[in-house]
Amino acid sequence: MEEAELVEYFRAQIREDPDVASAVAAIRSLLEFLKRDQSETILGLRENMTKAIHRLEETDSSVAVSSGGELFLRFISLTSLEHPDLSQCKNVMIERGELFLKKISLSRGKVGKLCHTFIKDGAKILTHSSSRVVLKVLENAAADNKRFTVYVTESQPDSAGKRMAQKLGKLNIPVTVVLDAVVGYIMEKVDLVIVGAEGVVESGGVINKIGTYQMAVCSKAHNKPFYVVAESFKFVRLYPLNQQDVPDRFKYKADILKTVKDLNQEHPMIDYTPPSLITLLFTDLGVLTPSAVSDELIKLYL
Amino acid sequence: MADSDGRQVDSINHSTEEDVKLQEVVQAKCEGKELTKEEKQRLRKEKKQHKKNKKDDRGPPEKEKEKEKASVLAPSKPATQSPAHKAAPVPVNASASESPVAAEKPAKSKAEQRAERRARQDTERASKQGKKEGGQQSASSKPKATPNELQPVKRLPEHIQVDDPAALKKLAKKLERQQVPLRSDYGYKVSLFSHLHQYSRKNPPTQQISIPATVIHPSIVRLGLQYSQGIIAGSNARSVALLHAFKQVIQDYSTPPNEELSRDLVNKLSPYISFLSQCRPLSASMGNAIKHIKKEISNIPSQCKEEEAKRRLQECIDSYINEKIILASEAISKYAIEKISDGDVILVYGCSSLVNHILCEAFEKQRKFRVIVVDSRPRLEGREALRRLVKKGIRCTYVLISALSYILPEVSKVFLGAHALLANGYVMSRVGTSQIALVAKAYNVPVLVCCETYKFCERVQTDSFVSNELDDPDDLIVTRNGKTHLENWQTVKSLGLLNLVYDVTPPDFVDLVITDLGMIPCTSVPVVLRVKNVDQ
């Protein structure tokens with residue numbers, strides 16, 4: 001399978017199912033790549049897979065694609081591949097790949113089930129930009145006949161918040177779109193803040209759409225709980241110390257990285273929220289405190 | 001053999017039965033968990049074989065000394081065990097063994113110890129052969145055993161119990177038995193730290209050792225002197241020097257007849273370790289290294305020939321140094337260099353071999369950064385770090401710790417070394433480190449601690465008081481402009497000089513810990529310890 005085909009397959013996945021997480025789409029494409037791969041040796045296969053992951057990262061520069069790809073690779077090669085026959089090895093890998101895919105497709109549902117109990121009746125929730133996981137959580141809470149109102153920030157520069165408001169409106173949840181600058185003003189009114197994540201880093205902090213860090217700082221100042229909902233395939237082996245330390249390849253969109261020379265003129269798309277500002281993380285592995293994330297990462301990666 | 005003596009065997013049996021149990025218990029308490037009953041028996045056997053000829057010289061005076069010892073030991077035992085002991089042998093004892101004449105003997109002499117052990121050996125042999133006493137012996141030994149098992153005694157390490165006279169006495173006895181000189185404390189100790197030792201560099205413990213020292217290997221004596229005079233300082237340096245000295249010891253070691261290398265060598269190491277901890281309290285890294293060596297020694301199979309075993313141990317020590325120290329520092333540099341970007345201003349404190357290595361590597365990899373070295377009295381270790389960095393060509397600034405808040409606004413990162421990482425995530429390091437971390441936090445400067453995994457220890461500590469080290473107070477005396485201040489500090493009764501060596505930094509002030517396993521947050525230290533234990 002050529003790289004161009006891979007990218008096309010990936011884009012097709014996202015077009016067909018806009019609700020799917022980009023990491024899941026990436027993993028589906030990688031699985032397809034694995035099935036069609038022609039290499040003769042295990043090492044060659046791994047090299048091709050790594051190249052494929054890099055290619056996908058270039059297409060969609062979000063952290064989740066990078067983390068999902070690496071976890072996929074680790075998961076399928078965990079079986080140490082003792083079979084002497086290459087095709088048998090490949091079959092085992094494909095089987096494990098399918099298993100992995102099935103597991104992570106269910107993870108959003110698991111997170112939703114865990115989190116919606118934290119939303120009490122009459123709650124006012126603040127959320128940032130458009131996150132499908134947060135949508136799922138709110139969906140579950142609404143299905144549970146809870147009454148709550150939601151404030152969504154507009155989240156410039158791509159106005160993703162308005163899309164979120166539309167989706168929430170369809171679920172008959174009272175929603176208000178607010179400006180990004182209103183976060184400080186509105187924090188005294190809300191009861192809790194729930195945001196999604198593009199990536200969860202080793203320190204227990206999260207990388208998310210720009211404006212999340214601001215929201216976290218405000219909620220800490222007002223002593224409001226700040227919850228993050230994320231699936232486990234978003235755990236990534238980064239350890240940023242501050243905003244500058246986040247690698248450039250995640251901060252900007254993929255096409256901007258390729259075309260623009262001076263990144264200082266560009267608007268970063270993500271920021272880093274340190275673990276001290278986060279109350280709890282809801283993942284399909286359970287409800288974790290930020291310091292437990294490192295524990296889980298060590299289990300996943302070591 | 002007791003019968004062939006032709007002496008009053010029965011009375012010895014009865015009188016020393018209690019001694020047997022008393023001494024076994026005291027032995028167990030003094031020597032800690034290191035010796036099992038078999039090893040103790042072997043010790044006794046060995047001593048008995050050596051001194052069998054001299055037995056005839058000792059006469060009745062020995063018996064009386066043993067009886068007196070029994071009464072001396074009785075009060076020093078904990079109350080829980082003595083009733084059990086006293087109750088059990090009572091039906092068996094015919095003659096009164098507990099003579100009310102409790103002549104206070106200050107400490108056991110070697111001759112008395114040998115005699116005790118020989119007599120114990122006799123009684124054990126007699127009790128095994130004599131069926132009549134067999135049942136009663138086991139009955140009496142059982143109540144002795146159960147109190148030990150039911151109440152696992154929680155022992156504080158002796159080096160933080162200096163103000164407890166009972167603990168001191170036990171230590172003195174233990175050192176006497178191992179023939180290690182006891183070092184006395186020096187000068188007035190500040191009351192908050194009176195539970196710690198405070199030694200003077202002018203009285204090294206090596207002065208009290210006779211030449212040639214029979215019990216302590218000369219390379220260990222040299223090492224102890226180097227530690228106590230501060231010639232070898234720094235966690236890694238001390239561990240490596242210790243391991244090299246142990247290699248020498250193993251090289252010169254020869255198994256005595258009827259002994260197994262795996263058991264005897266461990267016993268031989270105990271007095272060395274006591275001696276070294278008298279010279280300077282052991283660091284966490286040294287403790288882990290010693291544990292590892294002891295485990296390797298006891299894992300040597302008994303059918304292994306001596307040369308083969310020695311070679312294996314040498315290899316094992318070499319690989320420990322290579323893996324845990326040298327390769328670990330390579331791995332840590334690799335991770336740390338990712339965190340150093342061009343234009344950085346890096347603050348370091350004191351002289352950490354690991355941090356210096358990282359900075360030198362980063363400089364070789366063409367990173368553009370400058371370094372601020374912070375130093376503090378009285379050790380002024382920062383000067384050594386400054387020397388090494390400037391030699392490489394790195395741009396450095398040198399300040400004392402009092403100028404810290406002045407210089408921190410310029411700093412982009414702080415790199416600190418560690419002496420040990422505790423199980424609750426606290427970082428134990430040179431005194432002044434927690435101050436740097438605190439001020440850096442206030443200025444929102446990221447603090448990175450670099451530490452190899454062999455320095456992780458299972459201890460938990462939340463403050464710097466409970467377990468620390470007091471250095472020589474005379475170090476604080478300074479001569480300036482011809483005047484020596486504080487020269488006569490001992491004459492002023494209310495004046496105490498405090499020269500702390502370590503302090504403890506809470507994990508909230510540390511942003512990142514770089515270890516050879518990767519970059520982890522400070523709170524994940526117990527996870528690493530758990531993973532390490534699983535691996536072993």
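In this predicted model, let's start at B:Glu384, which is partly exposed with a relative accessible area of 27%. Its salt-bridge partner is B:Arg388, with N and O 2.9 Å apart. B:Arg388 is partly exposed too, at a relative accessible area of 34%. Both residues sit in helix H16 (residues 382–392) of chain B, and because they are four residues apart there, about one helical turn separates them.

Side chains of opposite charge can pair when their charged atoms come close. Across all chains, the whole structure holds 36 salt bridges. One of them joins B:Lys247 to B:Asp318, whose closest N and O atoms are 2.6 Å apart. B:Lys247 belongs to helix H11 (residues 235–252) and B:Asp318 to helix H14 (residues 306–338) of chain B, so this pair ties together parts that are 71 residues apart in sequence. B:Lys247 has a relative accessible area of 19%, and because buried means under 20%, B:Lys247 counts as buried. B:Asp318, at 37%, is partly exposed.

A network of salt bridges links B:Arg201, B:Arg379, B:Glu381, B:Arg430, B:Asp471 and B:Asp475.

Now turn to the surface of chain A. A patch of negative charge gathers A:Glu16, A:Asp17, A:Asp19 and A:Glu139. Of these, A:Asp17 lies in the loop between helix H1 (3–16) and helix H2 (22–36), and is partly exposed at 31% relative accessibility. A nonpolar surface patch of about 200 Å² is formed by A:Leu114, A:Phe118 and A:Val287. A:Val287 lies in strand S10 (residues 286–288) and is partly exposed, at 36%.

Notes:
Residues are numbered from 1 along each chain as its sequence is written. Chains are lettered from A and ligands numbered from 1 in the order in which they are written. This is a predicted model: local features need pLDDT of at least 70, side-chain atom pairs count only at pLDDT 80 or more; totals for chains, interfaces and linings use all residues. Side-chain values use heavy atoms; hydrogens and water are left out. Patches are made of residues with over 30% relative accessible area and no salt bridge: like charges are joined within 9 Å, nonpolar side chains (Val, Leu, Ile, Met, Phe, Trp, Tyr) within 5 Å. Accessible areas come from the Shrake-Rupley method with a 1.4 Å probe; for residues, only the protein chains shown count as cover. A salt bridge is a side-chain nitrogen of Lys or Arg within 4 Å of a carboxyl oxygen of Asp or Glu. Lys and Arg count as positive and Asp and Glu as negative; His and the chain ends are not counted. The place of a charge is taken as NZ of Lys, CZ of Arg, CG of Asp or CD of Glu. Helices (H or I, at least four residues) and strands (E, at least two) are DSSP runs, numbered from the N terminus. Buried means under 20% relative accessible area, exposed over 50%, partly exposed in between (1.4 Å probe, protein chains only).
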